[in-house]
Amino acid sequence: MFNALITTLTPVHVGSGRTLQKHIDYVHFSNIKNGPIALIDEEKVLAILGRDNLGKWMETIENKKDLLTLINKHESSLQPNKLARRLIKARDNPGLHNELYEQLTDGMGRPYIPGSSIKGSIRTALFTYMLRQNPSFLEKLNPSKFIDDELMIALMATPERSEVSNFKQETSNKDIFRFLRVGDIHFTSTQSIMVKAVNLKRTGWAEDNRLSQWTECIPENQEARSRIDFADDTLLTTAKSQKIQKEQTETVGKGVDLLRKKELLQIVNNHTTHLLQRELNFIKQQNDSNLEQYAEQIETLLAQTKQCGPEECVIRLGKHSGFLFMTGDWQRELMKESDYILLKNHVRRKQHTPANLPLPKTRRFTKAGMPLGFLKITIKQSL
């Protein structure tokens with residue numbers, strides 16, 4: 001039985017791991033009004049072309065020619081579903097971009113967000129909360145002892161890999177997050193959206209077309225149902241109750257109570273509110289026209305987050321959720337300045353980037369200024 005209503009406040013992308021290539025993996029029916037993107041079904045294409053034209057198909061791929069031109073020679077009134085294994089609505093025109101980042105789908109072709117993605121974002125929010133409650137965790141870090149990727153892992157402190165986290169145990173049966181169960185969230189449709197990148201440079205903020213990414217997303221204002229069992233549910237009186245309670249008390253950190261519904265939803269929502277407010281303050285200080293729409297969208301999201309009731313929260317996940325939301329953004333507040341500078345220098349891909357530029361110095365959002373990855377979770381008795 002479902003008890004959670006999930007609403008996408010902005011487009012969300014959880015990737016399949018595949019980057020689709022134009023005329024090889026997909027074609028765009030741009031000649032049709034509101035023409036869709038067709039993910040190619042090789043068997044359907046072969047049925048249209050015939051085996052005798054297999055060589056021409058291979059030649060088209062090798063020379064990066066238009067596959068639709070070849071197919072239309074054999075079927076002039078071609079409909080998108082005649083060669084597609086799945087259709088995607090195209091919100092934006094890809095322009096010169098020939099790659100499409102594919103959304104994760106299930107065996108029936110339905111886009112979905114894994115429950116593990118929700119848990120990962122919750123874990124980051126809870127970790128950040130506990131770290132702020134007890135900054136002494138940071139005393140266990142000595143950045144000068146770490147090198148290369150180990151340094152980045154330690155200082156970014158994503159809970160799954162952190163050496164300073166006190167509520168994540170080495171073995172799964174000691175991890176308190178086994179008391180939180182989140183089901184996968186299935187949606188019905190996707191859209192391809194151009195996600196543009198705006199970088200802070202010495203002369204100000206500017207769009208970098210080279211970093212724009214055509215991305216298949218679950219669009220905003222979509223609803224789906226799922227099941228979330230909090231510690232309230234998993235610690236109910238059962239035949240295994242005494243064993244579970246004993247395991248709970250033996251868990252280092254004893255943070256299981258924070259996974260109860262009332263406490264956890266408030267922690268997550270406060271976490272999102274805090275990050276949105278910091279982002280809004282930062283963007284407004286920039287006073288740059290390239291960020292105006294983005295600032296308006298952040299302001300709207302902040303208002304929606306603040307309006308959440310005790311059974312609701314807003315969370316961010318997926319691709320383009322950004323460094324601040326991926327890590328919890330505790331570093332600027334709690335790290336020594338020298339360690340934070342070390343972190344910035346290590347994370348940056350271009351080592352010649354001036355040290356005084358903020359981390360991160362890139363923002364990604366849609367043409368309307370909408371950031372990706374925001375979900376609202378509403379808990380009800382049953383749905």
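**Close-up views of a predicted model**

**View 1. Asn-287 is exposed, in the loop between α8 and α9.** The relative accessible area of Asn-287 is 71%, which puts this residue above the 50% that an exposed residue must exceed. The structure shown here and in the other views is a predicted model. The backbone angle phi of Asn-287 is near 50°. That value is positive, and the residue is not a glycine.

**View 2. Lys-64 is another exposed residue with a positive phi.** Its place is in the loop that runs between α2 (54–62) and α3 (67–72). Phi of Lys-64 is near 55°, again in a residue other than glycine. The relative accessible area of Lys-64 is 74%, so the residue counts as exposed.

**View 3. Helix α9 spans residues 292–306.** The helix has 15 residues, and the distance from its first C-alpha to its last is 21 Å. This is close to the 21 Å expected at 1.5 Å a residue. Which residues of α9 are buried? They are Tyr-294, Ala-295, Gln-297, Ile-298, Leu-301, Leu-302 and Thr-305. These residues lie on the same side of α9, because the arc they cover around the axis is only 160°. In general, an α-helix has 3.6 residues a turn, so residues three or four places apart point the same way. The cover over the buried residues of α9 includes a helix, α8 (261–286), and the strands β15 (312–316), β16 (362–365) and β17 (374–379).

**View 4. Ile-298 is a buried residue of helix α9.** The relative accessibility of Ile-298 is 2%, and the cut-off for a buried residue is under 20%. With residues up to four places away in sequence left out, Ile-298 touches Leu-276, Glu-279, Leu-280 and Pro-371. Ile-298 is also 7.8 Å from Met-370, C-alpha to C-alpha. Along the sequence, Ile-298 and Met-370 are 72 residues apart.

**View 5. Helix α4 (residues 115–133) crosses α8.** The axes of α4 and α8 come within 9 Å, and the crossing angle is roughly 85°. The two helices α4 and α8 are therefore roughly perpendicular to each other, since angles of 65 to 115 degrees are classed that way. On the α4 side, the contact is made by Ile-122, Ala-125, Leu-126, Thr-128, Tyr-129 and Arg-132. On the α8 side, the residues are Leu-264, Ile-267, Val-268, His-271, His-274 and Arg-278. Of the residues in this contact between α4 and α8, 7 are nonpolar, 3 polar and 2 charged.

**View 6. Thr-378 is a residue of strand β17.** Is Thr-378 buried or exposed? Thr-378 counts as buried, with a relative accessibility of 11%. Apart from neighbours within four places in sequence, Thr-378 is in contact with Asn-3, Ala-4, Leu-5, Glu-311 and Glu-312. The strand that holds Thr-378, β17, is also among the elements that cover the buried residues of α9.

**View 7. Arg-91 is placed in the loop between β5 (84–90) and β6 (99–103).** Its relative accessibility is 31%, so Arg-91 counts as partly exposed. Which residues does Arg-91 contact, leaving aside its neighbours within four places in sequence? They are Pro-11, Gln-191, Ser-192, Ile-193, Pro-219 and Glu-220.

**View 8. Asp-232 is found in helix α6 (residues 231–234).** At a relative accessibility of 30%, Asp-232 counts as partly exposed. Leaving aside its neighbours within four places in sequence, Asp-232 is in contact with Leu-259, Arg-260 and Lys-261. Asp-232 and Lys-261 are 29 residues apart in sequence, and their C-alpha atoms are 6.7 Å apart in space.

**View 9. The whole chain contains 12 helices and 17 strands.** How much of the chain do buried residues make up? Of the 383 residues in the chain, 51% are buried.

Technical notes:
Residues are numbered from 1 along each chain as its sequence is written. This is a predicted model: local features need pLDDT of at least 70, side-chain atom pairs count only at pLDDT 80 or more; totals for chains, interfaces and linings use all residues. Side-chain values use heavy atoms; hydrogens and water are left out. Helices (H or I, at least four residues) and strands (E, at least two) are DSSP runs, numbered from the N terminus. The expected span of a helix is 1.5 Å times one less than its number of residues. Buried means under 20% relative accessible area, exposed over 50%, partly exposed in between (1.4 Å probe, protein chains only). The arc is that of the directions from the helix axis to the C-beta atoms. Contact means heavy atoms within 4.5 Å. Axes are lines fitted to C-alpha atoms, for helices over the stretch in contact, and angles run from 0 to 180 degrees between N-to-C directions. Angles under 35 degrees count as roughly parallel, over 145 as roughly antiparallel, 65 to 115 as roughly perpendicular and the rest as oblique. Ala, Val, Leu, Ile, Met, Phe, Trp, Tyr, Cys and Pro count as nonpolar, Asp, Glu, Lys and Arg as charged, and the others, Gly among them, as polar.
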